[in-house]
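Student: I have a model open and would like to go through its packing with you. Can we take it piece by piece?

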Amino acid sequence: MGTSASALAHKVGLVDMQKVYQQIPQMGKIEQALQSEFAERRQELEKIQGDIRFEAEKFKREQTTMSEDQKEKLREKIQGLQKVLAEKGRPLEQELKARQQQELQKVQTIIVSAIEEVAKKGKFDEVKTKDTTVYFNPEKVTDLSEEVVEVVSKK
């Protein structure tokens, strides 16, 4: 019993996820939303960093004319500011990373849905990601990245 060549054909598509993430408008929107969401707290941290720099420069500039007591008080003030910066900075970083993950998961769901849509429309048997593929023959494998970007951009 013979099998036709078309029955053996396995249509494979490839998606460059990095390219998709770089080109979809949702990523810019997420970045803007997170920046505005965390802007006030970031500004507070930047002010503390500025205060630390100011006090450290003051210490450097004036240490030759300061008494030991003044030096110690300024050192304690700088250390206190550094402690406050660490206490406020770590939770902010963690919260920002968690929010980024939440938003990325939403986008990943949209991307996977778009890949499925493009694959079904193009009658692909399999779609792989470029970053996990060591080698592919560009004559036999179709890059679907642009089509996926188009579909995701419309959502």
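Student: Which residues does Gln26 touch, not counting residues up to four places away in sequence?

Tutor: Gln26 touches Val107, Val152, Ser153 and Lys155. Contact here means heavy atoms within 4.5 Å. Before going on: this is a predicted model, where local features need pLDDT of at least 70, side-chain atom pairs count only at pLDDT 80 or more, and totals for chains, interfaces and linings use all residues. Residues are numbered from 1 along each chain as its sequence is written, and side-chain values use heavy atoms, with hydrogens and water left out.

Student: Where is Gln26, and is it buried or exposed?

Tutor: Gln26 sits in helix 3. Helices (H or I, at least four residues) and strands (E, at least two) are DSSP runs, numbered from the N terminus. Gln26 counts as buried because its relative accessibility is 10%. Buried means under 20% relative accessible area, exposed over 50%, and partly exposed in between, with a 1.4 Å probe and protein chains only.

Student: And Val107, how far is it from Gln26?

Tutor: Val107 and Gln26 are 81 residues apart in sequence, and their C-alpha atoms are 7.3 Å apart in space. Val107 lies in helix 4 and, at 4% relative accessibility, counts as buried. Leaving aside neighbours within four places in sequence, Val107 is in contact with Tyr21, Ile24, Gln26, Met27 and Ile30.

Student: OK, the core. How many residues has the largest nonpolar one?

Tutor: The largest nonpolar core has 31 residues, and those with the most contacts inside it are Val15, Val20, Ile24, Ile111 and Val148. Such a core is a set of buried Ala, Val, Leu, Ile, Met, Phe, Trp, Tyr and Cys residues joined through side-chain atoms within 4.5 Å.

Student: Which helices each supply at least two residues of this core?

Tutor: Helix 2 (17-23), helix 3 (25-62), helix 4 (68-121) and helix 5 (145-153) each do. Helix 4 gives the most, with 12 residues.

Student: What does Val148 touch, again without residues up to four places away in sequence?

Tutor: Val148 touches Val15, Val20, Ile111, Ala114, Ile115 and Val118.

Student: How do helix 4 and helix 5 cross?

Tutor: Their axes come within 9 Å and cross at roughly 120 degrees. That makes helix 4 oblique to helix 5. Axes are lines fitted to C-alpha atoms, for helices over the stretch in contact, and angles run from 0 to 180 degrees between N-to-C directions. Angles under 35 degrees count as roughly parallel, over 145 as roughly antiparallel, 65 to 115 as roughly perpendicular and the rest as oblique.

Student: Which residues meet there?

Tutor: From helix 4, Ile110, Ile111, Ala114, Ile115, Glu117 and Val118 meet Glu147, Val148, Val151 and Val152 of helix 5.

Student: How many bridges does strand 1 make with each of them?

Tutor: Strand 1 pairs with strand 2 (residues 126-129) over 4 bridges and with strand 3 (residues 141-143) over 3 bridges. Val12 stands opposite Glu126 in strand 2 and opposite Val141 in strand 3. Gly13 has Thr142 in strand 3 as its bridge partner.

Student: Are the faces of strand 1 covered or open?

Tutor: Both faces of strand 1 (residues 12-15) are covered, with Val12 and Leu14 buried on one side and Gly13 and Val15 buried on the other.

Notes: Pairing = 2+ DSSP bridges.
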